[in-house]
Amino acid sequence: MGRGYMVEEAVERYLSSLCSSSPLTGLLLGQSSAQKDFVVMATRTPQREACPLTPSPRDTLDMEWINEHARQVSRMLPGGLSVLGVFYISDAEAKDTLITLRQLVFAVQKSISRDLLWLSGDDDISERVTLHVNSTTRRTFCRTFDVRDPKSTAKPADWRYQSGVCGSWPMVWSCVEVEIPVSLPPRGARPGDLETSLQEGLKLWAQQIERGTFLLDGRKISEDTELTGPTKRNVKQSLHAQILTTPVCPGEQVSQVGASGGRVVLRGAVHTRAYLHGNKPTARLAEKALKRDLLSTVALRLNMVLEELMETQERDRLSLPTRVMCPLRGLGVGVCDYRFNDEGPLEVLDRLKEILDLEVRQEDLDHTQEEEAVTVETQPAPTEGVQRSELQAAVVPPLKPQGRSYIGAAMATVMALLAAAASLLYLDD
């Protein structure tokens, strides 16, 4: 038998409820371990108004829409949770859907990987699960593919439903002070140069985080130490962590700017959180999950601050979003979203419904982790005839939805976004 999957019973009920709407695709969410994987949630791909899924051959699936949905879902998952695979519900025979599922799982993984600031390590699980559910018989057909191997073939897997899969998973959290200087290319540079500058700034900061000292409850412990906690079922353990880094000295920051067109500096505090599976989690797992959550949320919001600068008429001071946590009742884990200053809880609830297909009550939202409003300030200062801008923020923003479809807003071309943002950054008063 192949890889084992312990699946929350709520996932079975959810998939069954979708059978009447087949054919459709969706994502399987959870966490991997060395021995087995844990599937705690599933979410269908929302129907695209202009191009709905129809019971047609696999080449009619809207792969661009499916991939963008996967990217949006991945951004709403805190540390420890990730997209483990895909499902496909149809009335076709399981053997006839294997090519479709293979195409889906490789495309989704490639789309998600574009946003990552880290390379997969030897201890990262590269097998991804595919699940076909027959909408008539409700029978499931589970196979895995190694997404690191383009020639990978389907392997059998053991798919088992169980209650309380993640009810007592430990949670590790931290509030991390960040300072990220990003050099900007000279005026007149190509849009691709700005994208490169942003990525380089993020990579330097990511390396600083990865080298940082990780403390749990104020202590440095061995990576192999098991994080033992409460033994009672559905009783959670919460661990406070710290990531200690060596600040970059002012001289090094200036040298990074060099003869560029200025710089963007982001400073402030970011809430980060990760969930750890209950199969003997270690301090190493806690460190990796929490640091990756920090890298993901900052990289997302750094990229999206450019869009906010492009859209707003107030270029000197901008209100930025805060991270809203959403614990999921009965599961023991949660998801997150980002709320702008001019948005209320209803906008967050709408996004959770559209992207994750979650029915959440307003009182379930946790606004307290990043409660204070924060701003971005532009401070021009001439240097060698070039306009220099500096952004300061406690938190930098993610993609701000527009109109009715939040996923559709994310389909804008990245290069056009960067080009427009660059023109704002170099404006002279």
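**Core, charges and backbone**

A: Trp169, Val335, Leu352 and Leu356 touch the most other members of the largest nonpolar core, which has 45 residues. A nonpolar core here is a set of buried Ala, Val, Leu, Ile, Met, Phe, Trp, Tyr and Cys residues joined through side-chain atoms within 4.5 Å. Buried means under 20% relative accessible area, exposed over 50%, and partly exposed in between (1.4 Å probe, protein chains only).

Q: Which elements give two or more residues to this core?
A: They are β2 (24-32), β3 (36-44), α2 (63-75), β4 (82-90), α3 (98-113), β13 (322-327) and α7 (345-356). The largest share, 7 residues, comes from α3. Helices (H or I, at least four residues) and strands (E, at least two) are DSSP runs, numbered from the N terminus.

Q: Before we go on, what sort of model is this?
A: It is a predicted model: local features need pLDDT of at least 70, side-chain atom pairs count only at pLDDT 80 or more, and totals for chains, interfaces and linings use all residues. Residues are numbered from 1 along each chain as its sequence is written, and side-chain values use heavy atoms, with hydrogens and water left out.

Q: Back to Trp169. What is Trp169 in contact with, beyond its neighbours within four places in sequence?
A: Gln31, Phe38, Val40, Leu81, Lys236, Gln237, Tyr275, Leu276, His277, Gly278 and Val333. Contact means heavy atoms within 4.5 Å.

Q: What about the second core, which residues does it include?
A: Leu266, Ala274, Leu285 and Leu294 are among them. This core is separate and has 33 residues.

Q: Now α1. Which of its residues are buried?
A: In α1 (residues 9-18), the buried ones are Val11, Tyr14, Leu15 and Leu18. They cover an arc of only 95 degrees around the axis, so they sit on the same side of α1. The arc is that of the directions from the helix axis to the C-beta atoms.

Q: And what do the buried residues of α1 pack against?
A: Strands β1 (3-8), β2, β3, β4, β5 (127-134) and β7 (155-162).

Q: Quick totals. How many helices and strands?
A: The protein has 9 helices and 16 strands. Of its 429 residues, 52% count as buried. Take the contacts between residues at least 6 apart in sequence: 76% join residues at least 24 apart.

Q: Switching to charges. How many salt bridges?
A: The structure holds 18. A salt bridge is a side-chain nitrogen of Lys or Arg within 4 Å of a carboxyl oxygen of Asp or Glu.

Q: Which partner does Arg292 have?
A: Asp124, with the closest N and O atoms 3.0 Å apart. Arg292 lies in helix α6 (residues 283-311) and Asp124 in the loop between α3 and β5, so the pair ties together parts that are 168 residues apart in sequence. Arg292 is partly exposed at 21% relative accessibility, whereas Asp124 is buried at 14%.

Q: And Arg323?
A: Arg323 meets Asp293 in a salt bridge (2.9 Å, N to O). Arg323 is in strand β13 and Asp293 in helix α6, so this pair ties together parts 30 residues apart in sequence.

Q: Is Arg323 buried or exposed?
A: Arg323 counts as buried, at 1% relative accessibility. Asp293 counts as buried too, at 3%.

Q: Where does Asp158 come in?
A: The side chains of Asp158 and Arg160 form a salt bridge (2.8 Å, N to O). Asp158 is partly exposed at 21% relative accessibility, and Arg160 is exposed at 52%.

Q: Which residues are linked in a network of salt bridges?
A: Arg44, Lys353, Asp357 and Glu359.

Q: Asp357 again. What is its phi?
A: Near 55 degrees, a positive value in a residue other than glycine. Asp357 is in the loop between α7 and β15 (374-378) and counts as buried, at 15% relative accessibility.

Q: What about Arg138?
A: Phi of Arg138 is near 65 degrees, also positive in a residue other than glycine. Arg138 is in the loop between β5 and β6 (140-146). Arg138 is partly exposed, with a relative accessible area of 44%.

Q: Last one. Which residues does a cis peptide bond join?
A: Ser22 and Pro23, with omega about 5 degrees. Pro23 is in the loop between α1 and β2.
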